[in-house]
Amino acid sequence: MEKIEITTRFKRDGSLIPIEFSLEDQNILILNVGRQWDSEDGKHILVMDFRENTYHLFFQLSDLSWYLMRDIKPNPGSI
């Protein structure tokens with residue numbers, strides 16, 4: 001897991017909508033928000049950028065920080 005800076009928006013129903021996040025000195029704009037689920041530790045959100053790379057974002061409740069989970073591979077066509 002890598003701690004990241006992220007910009008999010010809250011909807012009226014309290015759900016989170018990630019807008020962009022910083023990764024290795026670049027901003028990743030989020031095109032689509034996919035599946036979301038809660039765990040004992042926090043909230044998991046799958047997102048996709050404009051190159052169709054998929055990212056697993058995690059909001060950890062214990063330190064109220066966002067993390068990038070490194071378990072999803074980039075789209076081979078975007079390299």
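This is a predicted model: local features need pLDDT of at least 70, side-chain atom pairs count only at pLDDT 80 or more; totals for chains, interfaces and linings use all residues.
Me: How many helices and strands does the protein have?

Reply: Both are DSSP runs numbered from the N terminus, helices being H or I with at least four residues and strands E with at least two. Here there are zero helices and seven strands, giving the order β-β-β-β-β-β-β from the N terminus on.

Me: In what order do the strands sit in the sheet?

Reply: Two strands pair if DSSP finds at least two bridges between them. The seven strands make an open sheet with the order 1-7-6-5-4-3-2 and antiparallel pairing. Strand 1 (2–4) and strand 2 (6–10) are at the edges with a single partner strand each, so one side of each lacks a neighbour in the sheet. On average, neighbouring strands of this sheet are turned by 35° against each other, direction ignored. For such angles, axes are lines fitted to C-alpha atoms (for helices over the stretch in contact), and angles run from 0 to 180 degrees between N-to-C directions.

Me: How many bridges does strand 5 make with strand 4, and how many with strand 6?

Reply: Strand 4 and strand 5 pair antiparallel over six bridges, with Asp49 in strand 5 as the bridge partner of Ile30. Three residues lie between these two strands in their hairpin. On the other pairing, seven bridges join strand 5 to strand 6, again antiparallel, and Val47 stands opposite Tyr55 in strand 6. The hairpin of strand 5 and strand 6 has four residues between the strands, with Glu52 at a positive phi near 70°.

Me: Is strand 5 mostly covered or mostly exposed?

Reply: Buried means under 20% relative accessible area, exposed over 50%, and partly exposed in between, using a 1.4 Å probe and protein chains only. Strand 5 (residues 42–49) is mostly covered, with six of its eight residues buried. For the protein, buried residues make up 34% of the 79 residues.

Me: How many aromatic pairs does the structure hold?

Reply: Rings of Phe, Tyr and Trp (its six-membered ring) pair if their centres lie within 6.5 Å; planes under 30 degrees apart count as stacked, over 60 as edge-to-face and the rest as tilted. The structure holds two such pairs. Phe21 and Tyr55 are edge-to-face, at 5.1 Å centre to centre and 80° between the planes. Phe21 lies in strand 3 and Tyr55 in strand 6, so this pair ties together parts 34 residues apart in sequence. Both Phe21 and Tyr55 are buried. The ring centres of Phe59 and Trp66 are 5.2 Å apart with planes at 50°, so that pair is tilted. Phe59 and Trp66 are buried too.

Me: Which residues is Trp37 in contact with, leaving aside its neighbours within four places in sequence?

Reply: Trp37, in strand 4 (residues 26–38), is in contact with Gly42, Lys43, His44, Leu46 and His56. Trp37 is partly exposed, at 26% relative accessible area. A charge sits over a ring if NZ of Lys or CZ of Arg is within 6 Å of the ring centre and within 35 degrees of the ring normal. Here Arg35 lies over the face of Trp37, 4.3 Å from the ring centre.

Me: And why does His56 count as buried?

Reply: His56, in strand 6 (residues 54–60), counts as buried because its relative accessibility is 7%. Its side chain also joins that of His44 through a polar contact of 2.8 Å. A polar contact is a pair of N or O atoms within 3.5 Å; within protein, one must be able to donate a hydrogen and the other to accept it, and residues adjacent in sequence count only if both atoms are side-chain atoms.

Conventions
Residues are numbered from 1 along each chain as its sequence is written. Side-chain values use heavy atoms; hydrogens and water are left out. Contact means heavy atoms within 4.5 Å.
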